[in-house]
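Hi,

Here is the structure I promised to pass on to you. Have a look at it first, and then read on for my notes on what turned up.

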Amino acid sequence: MKPLVRSVTGVLLTLAMLGAGAQTGAPIVIGASIPLTGGVSTFGQHSRWGSELAIAEANAAGGVLGRKLEIDYQDNRCNPAEAVKSVTQMIAEKKYVAIFDGLCSSAALAIMPLVERAEIPFVVANASATAIAEKSGVGGNKWTFKVNPTDASMLDALVAWLDKEGKAANIAFLGEDTDFGRAGVAGLEAALKKRNRALASVDFYQKGTADFTTVFAKIKAKKPGLLALYAIDADFQNAMRQWYAAGGGIPLTGRVLVDQVPKAIMASGFLDGTTSVQPYDPSIDTPGNKAFVEAFQKRFQTAPILVSFEAYETTRVLIDAIKRAGSTEPAAIRDALTKTKYPSLLGNTIDFDDHNLAHNNAVILGIRGGKVVVLGFSKT
Amino acid sequence: MTAPLLEVRGLTKRYLGVAAVDDVSFAIDAGGIVGLIGPNGSGKSTTIDCLSGFQRADAGHWALDGKPLAGRPAHAVARAGLTRSFQTVRAYDELSLIENLRVAAQQSDGADWWQALLRTEPLRTHEAASRARALELLTTVGLERYADAPAAVLSYGQRKLLALAACMMSRPRLAIFDEPVAGVNPTMIRRIESVVRAFNASGTTLVIVEHNVDFILNLCDRVIVLESGRTIADGAPALIRSDPRVLAAYLGRSGAAAMLARGQA
Amino acid sequence: MSRSTGLATASALLLVALFAVPLVTRNEYLLALGVSFATFAVLSSGLNLVYGYSGLLSFAQVGFFGLGAYTAALLMTELQWSALPAVVAGGALAAVAGLVIGYSSLRLSRHAFAIVTLSFALLCGIVARDWVSLTRGSMGIPGLPVPTVGAWRIARPADFYWLLLGYSVLANTIIYALVTSRIGRAMRAIKLNEALAQSQGLDPLAHRLLAVTLSASLTGMAGGWFVFYLTIVDPSVFDFYYTETMLIMVILGGPGHFWGVLVSCAVLTVVPDLLRFTTDLRMVLYGAVLIVAMLVLPGGIGGWLDRRRVERWRRIAYGSPR
Amino acid sequence: MDAAFFVQLLLNGLVLGVIYALIAMGLSLIFGVLEIINFAHGEFYMLGAMAAYFAVERVHLGYWATIVAVTIGALCVGWVLYEALLARLAGSGFERSILVTLGLSMVLQNGAVFLFTTTPKMLQTADTYSNVTIGGARIALLRVLALGIGVVAYAGLHLMLHRTQVGRAMRGVAQNRDAALMVGIDPRAVSRLAVVVGIGLSGLAGAALAPVYAVHPLMGFAFVFKAFAIIIIGGLGNVSGAAVAALALGVLESVMGGFLPQVVVDALSFGAMILVLLVRPQGLFGRGVRV
């Protein structure tokens, strides 16, 4: 019976929290629902670090509206059911001025109706599905804002680049069978179609697959010019070693995590000719990014990755909006967000289109002579 | 002379080519108590396992009241009116004695799943009847004071009594008791003996498989003797006592010696 | 007699109170917890019917859940069915799956059943992710339409709370009626001693198939309603961690103990959320509980009460006779 | 398609098959003797790999030293596992044993996530990037070593089960527990040994594969379900059967994977398992460690 009693008192506590609204002087609190556990918790961790850094810097600069900023994280293990639970809880507690991220597309998509009903701003930093932007702004959901570019727009930029170099002809695709991989193939096919081309071959693997030798042998036998590889985390590391072991020196493309390629393979020049598109790379040479990478390194003893950058910049966009709104009224923050003119670390200015989608520059990265080189930027 | 209650023809069961039961045939008329004895490995257990559908026979036909049972699964055999008890005493430990018995009867009243789920009127009368029947049987075996206790509390002997009572719940035409007195003390043996007589008196034909030869010879009005899968004798206890093949089969065994002694006495 | 009537009135009062919650509070989180409890109450009771009462360890429950969810979602989005028939169809398909799995494996052994159900659940995940033309793959099916039942438009959290609570009560009533009927008694008998049950004319396969199929259909329909609440269905409905959660609810509450499982289900849905355990630690804890429960009190809390009952009778039996 | 391509597929398949076998044989042995399906088997493979990683990165052991050390460690873990958990489950039911080992796997896996995070650890040795070429096909050297280790492990297990007293006893218990009791075999000692060897094998697998695959807490999960399928296809408790099934599956997956979509390959093991369950069930749960 005891646990029952405890649960009941717990419920009463949550009820009590309703009373405690956000009175001035109290910190401004942002709620984040990200995967802190499960398969993609690594990225959840980086998302957390990125946003924490942005908040810390804002507080160091005296906070916002004379109040300190805070951010609470709840685990959604990349599962819509958990995402709904965590966000509903944060909404019910009333003290949150905005909801941050979701990280996984399915989680973000499940959160969207909640924030719309509760009329509280929701800023997406990492989720990649195009459906998010389609449903936002004029798409219906006035409260969702997607700061990171969609795969479609980035891949269009990439294919344009490859086409210019005459490499778009013979691309094989291999990706994990998740929204990341599916979005990748959809984006590439669309971009190639525009140029009357198509992918040479398409293969998917189950996320968590350790052994790629078979599918690599199959792909190699087709002798593609480039391999568009959509793998992350452990899968990416396994793929790198096994792709190297398979030999043949076919360079990669797509959204390759060039910053995570094992040093030995990078140095060997095996992947020379690789051309990748990313919303971000730590090596981008702008003063803003230099400062960010340095601060991140110093604080977390590890280099930032794409996720940490997107979380960082998205949080800053949100903070900027709260400043300009001059209040923590959700509606005011939302209106401020729509009018965003935020100078990105990557040099250009971020603003939202009528689908509440920002169009930051994508960076075209290459591996040339065993090194990562920034080939250029492209508006998404 | 009416048709026999149970008629068995050419029952055969082999393990890895070796015949455990070899072309056994017999017929049992309604009413009596028949004993089935034989030394270890003579095929007693295999025989009744086949008859009750717990083992698939390799050959043979048998019928209860003319209804052929060969090849029917165990639960179908039971529904046809042939129940059995087990050598290793079995009971539903978590269920009360009453429940133990009511489970044993619930297939015989013909009520289907819908009636059971919706507890329709005919079903409620059935259940009331089976409860009464269960109490009556518990009184017969002298366990009525534990009616609502879980079977787990019973002693070994008491469990044997419960198992026998369960065999009688559905008012079967024929019940086979597999070693009802194995490993119980003399007092309990006498008690079980009277219970068995009572059951038989209530109109059920009984077949009793036992190692305890006295028990069989005292109780049964007919005894079938198996040895290495074949029927070697079949008749009244008196005949069995003096049958040379039976003596041969039991020769040297203490049980047989004792039996002989009593036989002469 | 009086005890059972007391239980009846108590549960009736509890139900009234539960249904009244949205009238007294507009705290959507409480309602979300309620929805989550109502859903898991169906899942764990369904598993209890199969494992607790019939003694079959099923890993397929999460498969039935997702199968019902996907069927309902696809019928509504692709074929514009209305909610009720779509969900019922989901339940029906789950039932068929349960029947096929059960029949093919139970003729062999309980071992085969456990392993076949496990592979079924895993295969469901693979199909959901990779049969894109049918399931839309890992993107899932977002923005599910608002279900309407008759004139009732189920849009607000309160509506979903009532819907899922209502369904949960219905499903649990059916299960309760079954397990307290003599069919349930027969199921327990078969679980406790299969050979004895057979010798008394009970057909083990038939009873087990009934348990598996019914549990599958109820679980499947729960899946259908639940994803409309989420507004999205994606392959994570087959997450193995749902299976682990269901199991721990049944084991802790006591397999074969209707109320025990419901209580542990309530406790395990509400408490971890309020304590905000991270899932890792929660699963570590659940795992430990599973081990300890299995070694120390295999019957769960309910089973422990049973053993108390036996002890009491032992005292009566071998202590002073009346 | 050219010959080199087939050779490549074949070799990949062989290596893959031996990797499966390393994990499946222990699982099969434990089932054969204890009738327990060890749900946590994949976690011991994962822990073996983790241990190997730290042994090399922190303690700077060599490749072979690491493999020996980790295997010995795994043997001890197996002993503890038996004494602490499995011994209490002796003959108390299949479902119960599954639930206990499932609980163990939950603790180990989520505990590992909590301690090490899901960030992949890459174990780098001198040979990480060296390859061997056979008939125009390239294989990573470390995979060839893993293949060798697998073959040696199988041979060793075979010898133990056939040439040694305990081995024969083990097969005896598996075939008929009661008979074994009568001839004076202590089933407890035999079961203990089966668990020790089984866990030892999964530890060995982890150590041998740590330099081949990325090391992370969820790495066992991916393999263990496939291993279930394998030991069923091979006939539960039939160690050779498991080894053969593993090898066959590896080669089949590789060759099919050369032409068919990967998802078909992933579903292959389950499909084969269910087929076997339907076609020759009687053989499946027939007891007996046959090597």
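**The sheet in chain B**

In chain B, strand 4 (residues 59-64) and strand 5 are paired in the antiparallel sense, with two bridges between them. Before I go further, please keep in mind that this is a predicted model. Along that pairing, B:Ala63 stands opposite B:Pro68, the latter being in strand 5 of chain B.

The two strands belong to an open sheet of four strands in chain B, whose order is 2-1-4-5 and whose pairing is antiparallel. Which strands are at the edges? They are strand 2 (18-28) and strand 5 (67-68) of chain B, each of which pairs on one side only.

**Two helices in chain D**

Helix 5 (residues 141-163) and helix 8 (residues 187-209) of chain D pack with their axes 10 Å apart, at an angle of about 165 degrees. Because of that angle, helix 5 of chain D counts as roughly antiparallel to helix 8 of chain D, the cut-off for this being an angle over 145 degrees. Their crossing is right-handed.

Which residues meet there? Helix 5 of chain D brings D:Ala146, D:Ile149 and D:Ala153, and across from them helix 8 of chain D has D:Leu201, D:Leu204, D:Ala208 and D:Leu209. Sorted by class, this contact between helix 5 and helix 8 of chain D consists of seven nonpolar residues, with no polar and no charged ones.

**How the chains meet**

Now to the chains themselves. Four pairs of chains are in contact, and among these pairs chains A and C share the most contacts. Chain A and chain B, on the other hand, are joined by no contact, and their closest C-alpha atoms lie 24 Å apart. Chain B and chain D have no contact either, with 15 Å between their closest C-alpha atoms.

I went through the meeting of chains D and C in more detail. Here 30 residues of chain D are in contact with 31 residues of chain C. On the chain D side, helix 4 (94-116), helix 9 (219-233) and helix 11 (262-279) each supply at least two residues. Where does the largest share of that side come from? It comes from helix 4 of chain D, with 15 residues. By class, the side of chain D that touches chain C has 23 nonpolar residues, along with three polar and four charged ones.

Best wishes

Notes: Residues numbered from 1 in each chain as written. Chains lettered and ligands numbered in written order. Predicted model: local features only at pLDDT ≥ 70, side-chain atom pairs only at ≥ 80, totals over all residues. Axes fitted to C-alpha atoms, helices over the stretch in contact; angles between N-to-C directions. Parallel < 35°, antiparallel > 145°, perpendicular 65-115°, else oblique. Left-handed = near helix turned anticlockwise from the far one by under 90°. Contact = placed C-beta atoms within 7 Å. Nonpolar A, V, L, I, M, F, W, Y, C, P; charged D, E, K, R; others polar. Pairing = 2+ DSSP bridges.
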